[in-house]
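Please have the sequence and the model open while reading.

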Amino acid sequence: MSGFLSYVRRNPALGVGIGMLLFLLLFTTLGRLFVNPLHAYPLSVMPTQPPSAQYPFGTDVQGRDLLAVMVVGTGLTLQIGAIAGAIGLSVGIVLGFVAGYSGGVLDTVITSVIDVYMSIPGFLILVLIASIFSKVDLGVTEMGLIVSIVSWAGPARAIRAQVLSMRERPFVMMSKLSGMGTFEIIMKELVPNLAPYLVMSLSQTVYGGLQASLGLEALGIGARREPTMGMTLYYVQYYSALMLGMWWWVIEPIIVIVLVLTSLVMTSFGLDEIANPRRRKTV
Amino acid sequence: MKQPLVEIKDLKTYFYVKAGTVKAVDGLTLTVETGTKLGLVGESGSGKTTMALAIMRMIRPPGTIQGQILVDGVDLLKLSEEEMRKARLSKIAMIPQGAMNSLNPVARIKDQVLDGMLDHGEKFARGEEEKRVAYLLDMVGLQAKVAKMFPHELSGGMKQRVTAAIALSMHPKVLIADEPTSALDVVIQREVMEMITRLVNDLNLSMILIGHDMGLMAQTVDRLAVMYAGHIMEIGDVRDMFADPLHPYTKALINSLPVLGNRGVFHGIPGVPPSVINPPPGCPFASRCPDVIAGICESQTAPLRELRPGRWVACHLYDGEK
């Protein structure tokens, strides 16, 4: 732990990012002890109240306690990002490693598919797919799954590039000469060397997934029943909160979103410094 | 004559690229007996490393391997991919060129030594792993504490020893060492070479030592093969070769060695080796050969023939002799 702290002193971005992420996680877990999570749903408290002693964050026009919305919504929003990030990165790892390590025809096929896929605007795909499911009652998990449809291509291509350079290293040659199998070489030689990069990829993928989900939800396509940050933004504009002078309703989700995204960007910057020694500052 | 352990027959390693066919190894025939050390010398680009990789079946497309590589009577080129993977390290092991970078920077030495064995299905009882690693490290002259270290904590010579420990971990029958001492200073070079030679003798291995240091070869190997542009030019016992080189290329190589105390001019070999992309017919050395026979050398390749027992030469100068 003290080693980690002294490292963070040299790499403040990582410290700030992880710190903010921890704070948000505590906010959404411990926060539930202080607010009634059910108050994050409509018709549970007095509507349209400015911040007061009873409702420190105020309430919205549908009668949600916005403090409860922030507490519950932060968790839900992170959940969407985590699902999208985990699935996107897993698919990306598999495709990236297969393409990068095997090379040849398989590589050409996978790379072409990725390139074509990336040239289609991801948001268009998302809007189309989410609209198809608009009759269905989407939950947070479903949103995560939908968003993950576009979050695999980026990591797949980046990981392929890393594997491509890694597999030509002499120690991979050495392992082949030692008769190690392909799977073992990937798991024992390549993955440990790419570990910091993969973690960085994860935070980037989560970031991308979150952004996509926020965009969808702000358009009203998403888990309509759940008080996620994106849906809150949707209701903010649906009820013209600014016209009503409900500034607190506008500011609060924005602050949470900025905090979430900033924490991920900072974490990814910090990890990039580990993954990419050339960016490392001299001690 | 001892039973040949490695028999390479008419080995051809061609790379089919846009510019034509690169004949990196072109019809190479070679035998190595059990317990002998064969040195393979030649200029850069003469196909030494390609030959070694071909024996390990590590040539990737567009490269192709043809011919026969018999190790202990088994043709490596006929094995399935999986059988070949098993054969690497357990039957035939290789210390690759540039061992400095041949270790995984993020794994401990212990794990790297064990990985190969574990992947060949060796099982270790609890605590046996440490003993085995310590034994192997001791064998190459390293302390047991090295097992817990990372490659960046070791010197070049120590890394080289670790690669030797890995290569010998499963007691292969044949060891191919590709310039194992190229990046070391002469003192460490000698230590490492002595260590490898001692192990090869103790374990009764056959070794193919690749390099271009004629001095090192003279001290280390039993037999010497001279390679040029993908062909073997001459093979023989190392003493005979130095005492009485037959092929003009061998003569030129030995003459180009600096001699201690002689401050005269070095005798290099004029010219450069021919391109191995679509090579011209005839002897590849013809264009640089001082003793070239006009009309024959440029048009006909001289076959490798046994002039005396154990002494093979590919040169038209000896066409008359049996």
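How many bridges join S1(B) to strand S4 (residues 63-71) of chain B? Eight bridges join S1(B) to S4(B), and these strands run antiparallel. Two strands count as paired if DSSP finds at least two bridges between them.

## Model and numbering

This is a predicted model, in which local features need pLDDT of at least 70 and side-chain atom pairs count only at pLDDT 80 or more, while totals for chains, interfaces and linings use all residues. Residues are numbered from 1 along each chain as its sequence is written, and chains are lettered from A and ligands numbered from 1 in the order in which they are written.

The model scores ipTM 0.77 and pTM 0.77. For chain B the mean pLDDT is 85, and 98% of its residues reach 70 or more. Here pLDDT is the predictor's confidence in each residue, from 0 to 100.

## Chain B overall

Chain B has nine helices and twelve strands. Helices (H or I, at least four residues) and strands (E, at least two) are DSSP runs, numbered from the N terminus. With a radius of gyration of 21 Å, close to the 20 Å that the globule rule gives for 322 residues, chain B is as compact as a globular protein of that length. The radius is taken over C-alpha atoms, and the globule rule is 2.2 Å times the number of residues to the power 0.38. Along the principal axes, the C-alpha atoms of chain B fill a box of roughly 70 × 50 × 40 Å.

Of the 322 residues of chain B, 43% count as buried. A residue is buried if 20 or more other C-beta atoms lie within 10 Å of its own, exposed if 12 or fewer, and partly exposed in between, with C-beta atoms placed from the backbone. Among contacts in chain B between residues at least 6 apart in sequence, 65% join residues at least 24 apart. Two residues are in contact if their C-beta atoms, placed from the backbone, lie within 7 Å.

## A sheet in chain B

Four strands of chain B form an open sheet in the order S2-S1-S4-S5, with antiparallel pairing. S2 and strand S5 (74-75) of chain B stand at the edges, each with a single partner strand, so one side of each is left without a neighbour in the sheet.

Strand S1 (residues 4-17) and strand S2 (residues 20-33) of chain B pair in the antiparallel sense over eleven bridges. S1(B) and S2(B) form a hairpin with two residues between them. B:Thr13 has B:Val25 in S2(B) as its bridge partner, and B:Val6 stands opposite B:Val71 in S4(B).

## Where the chains meet

In the contact between the chains, 22 residues of chain B meet 15 residues of chain A. On the chain B side, helix H2 (81-90), helix H3 (109-119) and helix H5 (156-167) each supply at least two residues. The largest share, five residues, comes from H2(B).

By class, this side of chain B has nine nonpolar, eight polar and five charged residues. Ala, Val, Leu, Ile, Met, Phe, Trp, Tyr, Cys and Pro count as nonpolar, Asp, Glu, Lys and Arg as charged, and the others, Gly among them, as polar.

## The largest nonpolar core

The largest nonpolar core has 159 residues, of which B:Ala52, B:Ala165, B:Leu175, B:Ile208, B:Ala225 and B:Val226 touch the most other members. Helix H3 (residues 66-102) of chain A gives the most to this core, with 18 residues. A nonpolar core is a set of buried Ala, Val, Leu, Ile, Met, Phe, Trp, Tyr and Cys residues joined through C-beta atoms within 7 Å.

Leaving aside residues up to four places away in sequence, B:Ala165 touches B:Val113, B:Leu136, B:Leu137, B:Met139 and B:Val140.

## Covered helices in chain A

Helix H10 (residues 229-238) of chain A is mostly covered, with eight of its ten residues buried. The cover includes H3, H9 and helix H11 (247-275) of chain A. After H10(A) comes A:Ser240, whose phi is positive, near 50°.

In helix H6 (residues 140-148) of chain A, the buried residues include A:Met143 and A:Ile146. The buried residues of H6(A) pack against H3, helix H5 (122-132) and helix H9 (182-218) of chain A.

## Two residues with positive phi

A:Leu43 is not a glycine, yet its phi is positive, about 60°. A:Leu43 lies in the loop between helix H2 (12-30) and H3 of chain A and is exposed, with 8 other C-beta atoms within 10 Å.

B:Glu179 is not a glycine either and has a positive phi of about 45°. B:Glu179 lies in the loop between strand S7 (174-178) and helix H6 (186-202) of chain B, and with 20 C-beta neighbours inside 10 Å it counts as buried.
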